Amino acid sequence: MALTPLAIGALALLNERPMHPYEMYQTLLERHEDLLIKVRPGSLYHTVERLEKSKFVNATGTEREGNRPERTMYAITSAGEEALQSRITEVLTDPVNEYPVFPVGLSESHNLPSKKVVDCLNTYVERLDKQISEIRALLDVARGQNIPEAFWLGGDYIVNIKIAEREWVSTLIDRLASKDLTWPIHP
């Protein structure tokens, strides 16, 4: 079984301690892992089922809180630990083209008038600035709580990628506005 980002996140949580899927979901959200991983409750439950079928986790029992339904607790197995370490090693070693949609929009933006592209990109930069501010605030909280940097490297990476993206897009906006970049469709 190839470990998806959600499977990596689930195994990493279970590497800390046994949990039930709902607790895993809540922990991922509390830690803002949803900035790194697409997290949906149904997907997480399905992922845990797949991990169990692959013998990477096993059910350790059930627990019940009040009138809530029983929740199955899971723990990582030694095979799961090996799979987690192997997949992390692979991810940190081999760059992968993940096919984000923004470069597709850029590649086809010549189908719009340059003024429209500038307007769209200005909005994009504003939204990037908001995301950068939000992530920086979360990183400041982590620093303020003395959470070791090793635990928030992903957030630091994302904010720096977004800063670089903002700079590149801002330069493109300037080139379009100054007509330094020849555009096939004019305003």
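Let's start with the core. The largest nonpolar core has 23 residues. A nonpolar core here is a set of buried Ala, Val, Leu, Ile, Met, Phe, Trp, Tyr and Cys residues joined through side-chain atoms within 4.5 Å. Buried means under 20% relative accessible area, exposed means over 50%, and partly exposed lies in between, with a 1.4 Å probe and protein chains only. Leu3, Leu11, Leu14, Met24, Leu44 and Leu51 have the most contacts inside this core.

A word on the source. This is a predicted model, where local features need pLDDT of at least 70 and side-chain atom pairs count only at pLDDT 80 or more, while totals for chains, interfaces and linings use all residues. Residues are numbered from 1 along each chain as its sequence is written, and side-chain values use heavy atoms, leaving out hydrogens and water.

Which elements give two or more residues to the core? They are α1, α2 (21-30), α3 (41-53), β2 (71-76) and α4. Helices (H or I, at least four residues) and strands (E, at least two) are DSSP runs, numbered from the N terminus. α1 gives the most, with seven residues.

Take Leu11. Leaving aside neighbours within four places in sequence, Leu11 is in contact (heavy atoms within 4.5 Å) with Leu3, Leu51, Phe56, Val57, Ile76, Gly80 and Leu84. There is also a second, separate core of nine residues, including Val117, Val125, Val169 and Leu172.

Now the helix pairs. α1 (residues 5-16) and α4 (residues 78-93) pack at about 130°, with axes 10 Å apart. Axes are lines fitted to C-alpha atoms, for helices over the stretch in contact, and angles run from 0 to 180 degrees between N-to-C directions. So α1 is oblique to α4. Under 35 degrees is roughly parallel, over 145 roughly antiparallel, 65 to 115 roughly perpendicular, and the rest oblique.

On the α1 side of this contact sit Ile8, Leu11, Ala12 and Asn15. They meet Gly80, Glu81, Leu84, Arg87, Ile88 and Val91 in α4.

Next, α1 and α2. Their angle is about 100°, and their axes are 10 Å apart. That makes α1 roughly perpendicular to α2. Leu6, Ala10, Leu13 and Leu14 in α1 meet Met24, Thr27 and Leu28 in α2.

Last stop: Leu36. Where is Leu36 found? In the loop between α2 and α3. Leu36 is partly exposed, at 44% relative accessible area. Leaving aside neighbours within four places in sequence, Leu36 is in contact with Gly154 and Ile158. Leu36 and Ile158 are 122 residues apart along the chain, yet their C-alpha atoms are separated by 8.3 Å.
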